[in-house]
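Reader: I would like to go through this model and ask what stands behind some of the terms used for it.

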Amino acid sequence: MIFKSLKLKNIRSYENLEIEFPKGSVLLSGDIGSGKTSILLGLQFALFGLQPGQKGASILRQGEDNAYVQLELEVEGQLITLQRTIKKSKSGSITQDSNIITIDSVIKNLSTSEMKNQVINLLKYPKEFVKKSNLLYKFTVYTPQEEMKSIVQERPEVRLDTLRHIFGIDRYKRIKENSQILFQKIKEQVKIKEILASELNLIKEKFNSENEKKIILTRETNNLNIEYQNLMLSKQKSENQLLDSQKILDEKQYLKSELGKLEVLLQGKKDLESRMKKEVILMQKQIHEETTFSQERLDSVLEFLNKHKKILEEKNANFLKITSQISVLDSKKERPLELKNKIVSLENCPTCLQKVGQDHKCRIEKQTQYDIEEIDRELEQKINQKEVLIKEIEVEKNLIKGYEVDKTTFQQDKIRFEHQRTILTKIKSDAFVLDRTSNEIKELNIKIQQTKDKIEIFSKSQEEFNKIKKDFKEINEISRTKELTIATKTKELELLKIKLKELSEEIQKKEKIREQVNKLRTLQDWMQEKFITMINLTEKNVMAKLRNEFSKIFSEWFSALVSDSLSVRLDEDFTPIITNQDYEIEYDFLSGGERTATALAYRLALNQVLNSILSQIKTKDILILDEPTDGFATEQIDKMRDIFEQLKAEQIILVSHEEKIEGFVDHVIKIQKDTTSKIDNQNS
Ligand SMILES: Nc1ncnc2c1ncn2[C@@H]1O[C@H](COP(=O)(O)OP(=O)(O)OP(=O)(O)O)[C@@H](O)[C@H]1O
Ligand SMILES: [Mg+2]
């Protein structure tokens with residue numbers, strides 16, 4: 001990686017800065033407080049953002065609410081731009097705001113942590129360094145001005161810890177700690193598993209004894225099954241016999257009921273026969289006296305009867321007519337009599353009021369007498385006619401009476417005659433029925449005898465049935481008992497099998513656990529005897545190798561900076577030991593320049609060792625040194641030229657007050673500060 005350019009807005013002493021970083025050695029020169037370190041801090045912020053514990057106020061220019069940093073860099077020919085902003089909230093807290101990364105013109109807006117991961121990836125810093133990324137940058141690229149000497153002066157154990165940390169040696173410590181945890185876990189597991197695997201032999205013995213039982217029981221069950229099969233055959237046979245016997249019984253029962261029916265039928269027929277015989281005798285008695293009857297005679301009587309009834313009707317009508325004529329004549333006789341009596345008694349005429357004369361009265365009397373005689377004659381004639389008619393009517397009535405008697409006699413004869421004919425027909429038909437019935441009675445008697453004969457054949461069937469049934473019941477009972485025994489034994493066998501399966505599973509499980517215990521024990525032994533020793537040894541070797549290399553490089557850089565009389569090496573704790581011709585000199589007793597030289601040599605050696613261990617990291621080509629020559633004598637400063645050449649970095653950014661150094665570097669950038677820092681010139 002090399003830096004290409006940097007833009008700062010409202011960062012520390014800068015309002016606006018645009019600075020380009022050429023390749024080679026670049027000197028940032030300027031007075032105290034002019035803004036040199038601010039540029040280096042700007043670079044660091046652009047790369048990694050605010051560091052844990054770093055306050056926003058150490059970056060944001062006082063009195064401003066936001067700041068912006070844009071860094072252009074090149075990693076393996078790839079141009080990358082990083083942009084970050086800071087903002088100050090109303091409450092006064094200062095936080096990081098947006099993060100943008102542009103790789104080959106592809107712009108990505110990222111969160112602060114995403115941006116950090118992205119940069120770590122780009123620089124190929126090891127994953128385990130993600131959390132201590134800045135530490136790696138601090139010791140390989142840029143150590144802040146005031147921290148240059150701190151690692152040299154630090155307490156040995158703190159320094160050792162820091163070095164172990166950045167060399168990645170602390171991983172061995174972690175491995176040991178984790179191994180110890182694992183070792184304990186394995187120990188616990190072994191204990192638990194040993195308990196789980198205990199009693200294996202006991203269970204095996206139990207399995208064997210149960211298995212013996214199973215074999216015996218299986219044999220027993222098989223024998224029982226064979227016996228049962230035979231029993232089933234006998235049972236089947238007995239059942240068939242029983243069914244046949246039952247059929248015979250049913251047949252017998254059927255015949256008995258048929259016999260009952262036939263006997264009932266026979267009785268019915270017999271009853272019918274005797275009843276009919278009695279009836280026939282009775283009927284024969286009824287037709288004993290034969291009745292004669294002539295229809296012609298009856299018809300002629302009826303004819304006479306009708307004829308005389310008509311005559312009687314006519315006579316009656318005449319009688320009525322004459323009777324009414326007689327009463328009319330009787331009433332006719334009364335009127336002239338009344339008139340004669342009235343006129344005879346009358347003095348004066350009621351109409352003309354003239355006196356009624358005697359002659360008139362006599363005349364009237366005579367006339368009346370004549371009229372009455374006339375009526376009487378007619379009346380006498382009519383009365384004679386009536387009397388004749390009464391006699392004639394009487395004659396007719398007697399005639400009719402005689403005919404009525406004849407009619408009744410003839411009709412009764414007819415009824416009797418017809419009745420006798422009906423009885424005769426009935427007697428004939430009954431004779432036929434009687435004949436048929438007596439035949440049926442004969443047939444029924446034969447049938448009844450046949451049925452009785454058949455029933456006789458089955459006389460012993462019930463006893464046989466009872467015997468067969470008894471035999472069947474016995475077999476059934478035996479087979480049921482057998483079934484129960486088989487079921488009990490089978491259940492017992494099943495339970496035994498389940499138990500054996502469980503035991504076998506338990507044995508397998510325990511054997512597996514025992515196997516695991518053996519494996520774990522081997523692992524435990526290996527960890528205890530080999531692994532941890534090996535890690536200790538590896539750690540020691542790595543540390544020793546690093547220390548040797550570090551010590552050698554440190555001594556070389558130191559010799560390049562200080563006179564030949566002084567020499568340095570590192571002790572076990574990586575503490576620099578300075579000797580002057582075999583005498584050790586304490587660091588604090590060294591001159592200011594010697595102390596700076598020791599710190600710079602330590603810093604350069606550390607940088608070199610780290611870069612060689614972490615061969616893949618992309619920050620090997622760049623080195624930043626902030627005031628590395630503080631307190632140097634002139635001849636020491638002269639030596640810096642050789643140092644820069646030996647460093648062979650593609651880009652070195654150097655901060656120094658020393659004007660002399662301007663002559664050793666490829667580029668000088670002068671910085672001035674008024675109210676705000678600015679670049680005075682940027683020349684090569
Ligand atoms: N947050 C800030 N806002 C404004 N100015 C600041 C802020 N922090 C520091 N300064 C000032 O910015 C100026 C530049 O500081 P810087 O550390 O960059 O100086 P320098 O050039 O490295 O000086 P030296 O040679 O002494 O190391 C100083 O005057 C310092 O007080
Ligand atoms: Mg400074």
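Author: Start with pairing: two strands pair if DSSP finds at least two bridges between them. The model is a predicted one.

Reader: What makes β3 and β13 a pair?
Author: Strand β3 (residues 24–30) and strand β13 (residues 667–673) are joined by five bridges, in the parallel sense. The cut-off is at least two bridges, so they pair. One of the bridges links Gly30 to Ile671 in β13.

Reader: How do you know that β3 also pairs with β12?
Author: By the count of bridges again: five join β3 to β12 (residues 651–655), and the two strands run parallel. With at least two required, β3 and β12 therefore pair. Ser25 has Ile652 as its bridge partner in β12.

Reader: Why is β3 called mostly covered?
Author: Because six of its seven residues are buried, and buried requires 20 or more other C-beta atoms within 10 Å of a residue's own.

Reader: What makes Phe554 stand out in the largest nonpolar core?
Author: That core has 81 residues, and Phe554 is among those that touch the most other members, as are Val26 and Leu654. Helix α11 (residues 592–613) supplies the largest share of the core, 10 residues. Leaving out residues up to four places away in sequence, Phe554 touches Val568, Leu570, Pro576, Ala601, Tyr602 and Ala605. Each of these is a contact because the C-beta atoms lie within 7 Å.

Reader: Which helix gives the most to the shell around ligand 1?
Author: Helix α1 (residues 36–48), with three residues. The shell divides into nine polar, three charged and two nonpolar residues.

Definitions and conventions
Residues are numbered from 1 along each chain as its sequence is written. Chains are lettered from A and ligands numbered from 1 in the order in which they are written. This is a predicted model: local features need pLDDT of at least 70, side-chain atom pairs count only at pLDDT 80 or more; totals for chains, interfaces and linings use all residues. Helices (H or I, at least four residues) and strands (E, at least two) are DSSP runs, numbered from the N terminus. Ala, Val, Leu, Ile, Met, Phe, Trp, Tyr, Cys and Pro count as nonpolar, Asp, Glu, Lys and Arg as charged, and the others, Gly among them, as polar. A residue is buried if 20 or more other C-beta atoms lie within 10 Å of its own, exposed if 12 or fewer, and partly exposed in between; C-beta atoms are placed from the backbone. A nonpolar core is a set of buried Ala, Val, Leu, Ile, Met, Phe, Trp, Tyr and Cys residues joined through C-beta atoms within 7 Å. Two residues are in contact if their C-beta atoms, placed from the backbone, lie within 7 Å.
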